[in-house]
Amino acid sequence: MAEAVFHPPRRKRRVFESYDSPFPVDVGGKDFRICQAEIINNNVIVRNPEDIERLYNKGYFGKGILSRSRPAYSISDPLLVTKWQGANINMPIIASKKYQCHVQWAKSILQQQGFDDCSVTKILENYTKPLELPVLEEDGAEQTGNSCNRMGPNTENTEISGQSSTDTGNVVALSPENQNEGYKKACLEGDPTFDPVAICGSKEQEQSDLEEIAEASCQKHGFHMRCGCKAKESTEQRSCEMIKSKECAPEYVLVQEEEEGSLCPGDDSAHAQENLVKKEKLVCRRNPFRIFEYLQLSLEEAFFLVYALGCLSIYYGEEPLTILKLWEVFSEVKPNFKTTYMAYHYFRSKGWVPKVGLKYGTDLLLYRKGPPFYHASYSVIAELVDDNFEGSLRRPLSWKSLSGLNRTTVNASKELMLCYLIRPSDMTEKEMSTPECMKRIKVQELIVTRWVSSRERSEQDEL
């Protein structure tokens, strides 16, 4: 067997960040904190913005659900932000067409929840109407008229907050004003996506009213249960916590709209229409369809943070899962989890940053330092075998499939690596039921390269 030749990682040309830390764990222990995640639809999701920033910036764990890799999604249009940068506005700026799309999405959600068209139209008109605050025009001059109240909507209004049950984590937050009894009743009866207990924020409201609302609307969102009639903590405490939450607060956006103005108002109507010019202005409105970006961890990344680093706590419902329970649950969700995690743990311990290699047909991609600095060096296929390199392989490769996979990997400037996890012959299934089995596992890497006869002949001639 020929000895593998190490090729240095290929560095990316444009790097705009500095290398922080390989793990989200403080060596001194002063700033150590345990991040929180939850299991939703067999996926591990991190919602807290501070935890998201910490996990990704220190070790590049996870992926933003609305971004290519780094969770940096913003509703604001970069071109419009550049255009209005002289206005000194610290608010998201979007185009009118995009805002109308959000209105249509909110309309479809309300229709699915049983509202009639008349109620939907009234809710959206009240919610998306312009708010009063001076806005700056494109040339920097101050304009009085449509504006935004940053202190929030009228506290007397009823706020309705719902979440769609999609895997991407889209959230709808509506705060209609002056709701009538018709669609307030439709909100409370038979609607599993609303939780009035979570959005009822007035401390002065009677306890009996809260209990009636809670009994009428126990909701279930993914694996996360919020039941007002069986809650351990008081309804008032839960209401305060949900009001402080980012997801319950309304989002204000500046919408770029066009208004027509006449240069010569004294002329006749035909000539005036020719001289009409379109002026662009920013109008502050509430966003009827909010989209939050969360950090999605692969099962291997999540278990490594829990088991190896001890800086993550994963919740299923309202209870954190133990290491043994996570090992069992992840093995049920992903039958080959034990094999892929052993490979992940091994390469992470060696200083590589493993990421999911699905788009190249492999189990893992190995990066030096992280994706922002270098391209992936290796595409890894992990296999669990016995002492004789035999076993029920997960993906038996024929010469044809191996050649195609190797060609795909080489064309992407990577190398194909077969990672064999050698299991002792006397290891029982009971030992494999705990992560402690990794102490007896040995690892053997094999790099697959394509032999080119013409290249070998030319090298021999040179010698």
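I looked up the neighbours of Phe303 and found that, leaving aside residues up to four places away in sequence, Phe303 touches Ala308, Ile323, Leu326, Trp327, Phe330, Phe337, Tyr341 and Pro435 (contact means heavy atoms within 4.5 Å). I note that this is a predicted model, in which local features need pLDDT of at least 70 and side-chain atom pairs count only at pLDDT 80 or more, while totals for chains, interfaces and linings use all residues. Residues are numbered from 1 along each chain as its sequence is written, and side-chain values use heavy atoms, with hydrogens and water left out.

I placed Phe303 in helix α10 (helices are DSSP runs of H or I, at least four residues, and strands are runs of E, at least two, numbered from the N terminus). Phe303 counts as buried because its relative accessibility is 0% (buried means under 20% relative accessible area, with a 1.4 Å probe and protein chains only). From Phe303 to Phe330 I read 27 residues in sequence and 8.7 Å in space, C-alpha to C-alpha.

I then turned to helix α11 (residues 323-333), where Leu326, Trp327, Phe330 and Ser331 are buried. They lie on the same side of α11, because their arc around the axis is only 125° (taken from the directions from the helix axis to the C-beta atoms). Their cover includes α10 (299-309), β16 (312-316) and α12 (337-349).

Lastly, I examined α3 (residues 96-112) and α4 (residues 117-127). Val103, Ala106, Lys107, Leu110 and Gln111 in α3 meet Asp117, Val120, Ile123 and Leu124 in α4.

Conventions: Buried < 20%, exposed > 50% of the residue type's maximum accessible area, 1.4 Å probe, protein only.
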